[in-house]
Every structure is written in C-alpha cells, then in structure tokens.
Amino acid sequence: MHLKSRKTMRTAVSIIVVSIMLAGCSPFRELVALTRSTGTFVPFAADETIRVQPGADHFAERLAPYVREAIEKVEVAHYLPFSSRPAIYVCATEEDFYRLTGRRVPATVTNKLYLSPDLFQGQRALDRYLTHELSHLHLVQRVGLFGGTRLPGWFKEGLAELASGGATASSVAVQDAFRAINEGHRFVPDEGRNVVSSFLFPRYGSYWHIENRMFYRQSMLFVEFMRTWDEKAFHRFLVTVEGGTKFKKAVNDAYPGGVSMLWDKFLHKSRAMTG
C-alpha cells in the first residue's frame, strides 16, 4: 500500500475510534444533534423570523417585540448585515431543545439559533439574550460552523456581550471585573486554536478558575477596549475575520503588536481604573 494511502487509512481509523470514545461526551452529542430535523417548526405568524414548535407560541409572543431591534444591533456591532435572513427556532420543551442541540442551556447556536423554554423562565432580559445569541449566529453565517469554532472564546463572547449590552455579564459590575483582573483572577486572551482543540476543550471561565459571568464581563471589556482604542482598526479587523481570514492574521494586520500589545495596554487601563 502506498505510504500516503496508509496515512489516510490510519487517520480514518483514528477518527472512528475517537468518535466511538466520545459517544457519551457533550461535543459528540452536539455533532449528532446537527443532523436532527427541524420539520416540526413552522413560521410564527407575527414574525416569520421566528420558527416555533406546536406549543411554543406563547414563548414566541414574548420574543417577537425584540427581534427587529436585536438584528439591527448585531448588524451595527458587526459592521455587516446578516448574510441570510436569520431564523430563530423556539422549542416547546427542554427535551426537544436537548435533542436538537445536545446541550442543556437556555439558548445556543449550532448551525441555527435555538431557544429553550428555560430562557423564558425567571427575570432574564430577553432582548439582551436574543441579541447575544444573534451575534453568534452572525459569525456562523459568515465564517461557517467550524470557522467559528476556531475563533477564540473570549472574542466571540466579548463581542456578543458588547452587541447585547451585557446579557450574561450584567450582574458583574465593571469595577469588580477590573479589580479581579488586577488581582490576577482573569482570563488570558489567545489568538485562536485548531478546530479539534477548540471544539473538544473550549476555554471559558472554569479554564482560568473564574466564574463564567466574570469571564463574560472581562471579555466584553477587552473587546470594547479593542474598539475604543482604534475603531478604524477594529472595523477592519472584524470585517476581515468575518471574511474568513484567520483570527491571528486579522488582528495582527489591524493592530501592530497583535493581541499581546492590546492586552498589555488593557491591563494598564485596568490598573488605572482601580488605582
């Protein structure tokens, strides 16, 4: 057998073995969920951007007043329109949501935006949460599901929080976030990793031993700093990323010195904010 053929065979076998090993793991469940049909969803009469399952109309009624403004906010924050009309899938039960996404969270973006009934419980700010998730969908539309996986988590979440005005991080005060940063309780921004590492081992708050709410607030503050430091550079960087350029190249082309330079300046600002 030709050497190249043997390598291809070994790679294929490795993928099959890893898939079997991961059969009970969340990333594998999420991949399987991508194949599930959304045939039970129908357009919601008041706004066909929303698709509902039977029994989910009352959730859609609460969501509909926020859809248009949320889309506009995301397009302004991303400097680009959605590449196709977004569709928001509102599930009737948490089990339906889990079957379609492989996750037990209030909302998520796979290759579509899904909302769980859990999102509509309590006092969550639906407009902010919707805007946050639509920001993720905007990226997926532009760079694809696996392209989005390669983007750093801090960037995706920070951008979504910035677009939404702080959906997840609203309970963490800015001063508390800066204080935590100065005390060393902080994330450290990377420039993106390969698809396998990012998909199987995503880096969120627990990776740096901080709460996710704190991670989201700090990420939002850093992305906001990138924009305010030089908005023309940020505009160029973001549009380039959404055009498919690798994150590291896009950020280094827009900001000489890249992420490390920006992070150093951000830390200086953080010390000044609490000094």
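A: Phe155 is buried, with a relative accessible area of 0%; buried means under 20% relative accessible area, exposed over 50%, and partly exposed in between, using a 1.4 Å probe and protein chains only. Before we go on, a word on what you are looking at. This is a predicted model, where local features need pLDDT of at least 70, side-chain atom pairs count only at pLDDT 80 or more, and totals for chains, interfaces and linings use all residues. Residues are numbered from 1 along each chain as its sequence is written, and side-chain values use heavy atoms, with hydrogens and water left out.

Now find Phe155 in helix α7. Helices here are DSSP runs of H or I with at least four residues, strands are runs of E with at least two, and both are numbered from the N terminus. Setting aside neighbours within four places in sequence, Phe155 is in contact with Val223, Phe237, Leu238, Val241 and Phe247; contact means heavy atoms within 4.5 Å.

Phe155 belongs to the largest nonpolar core, which has 41 residues, and is listed with Trp154, Phe222, Met226, Phe237, Phe247 and Tyr255 as touching the most other members. A nonpolar core is a set of buried Ala, Val, Leu, Ile, Met, Phe, Trp, Tyr and Cys residues joined through side-chain atoms within 4.5 Å. Among the elements giving two or more residues to this core are α7 (153-164), α10 (212-229), α11 (231-242) and α12 (247-254). The biggest share comes from α10, with 9 residues. In soluble globular proteins, nonpolar side chains tend to be buried together.

Residues up to four places away in sequence aside, Phe222 touches Trp154, Phe187, Pro189, Val259, Leu262, Trp263 and Phe266. There is also a second, separate core of 29 residues, including Ile71, Phe120, Leu134 and Leu137.

Finally, step back to the whole chain. The protein chain has 13 helices and 5 strands, and 45% of its 275 residues count as buried. Of the contacts with a separation of 6 or more, 70% are between residues 24 or more positions apart.
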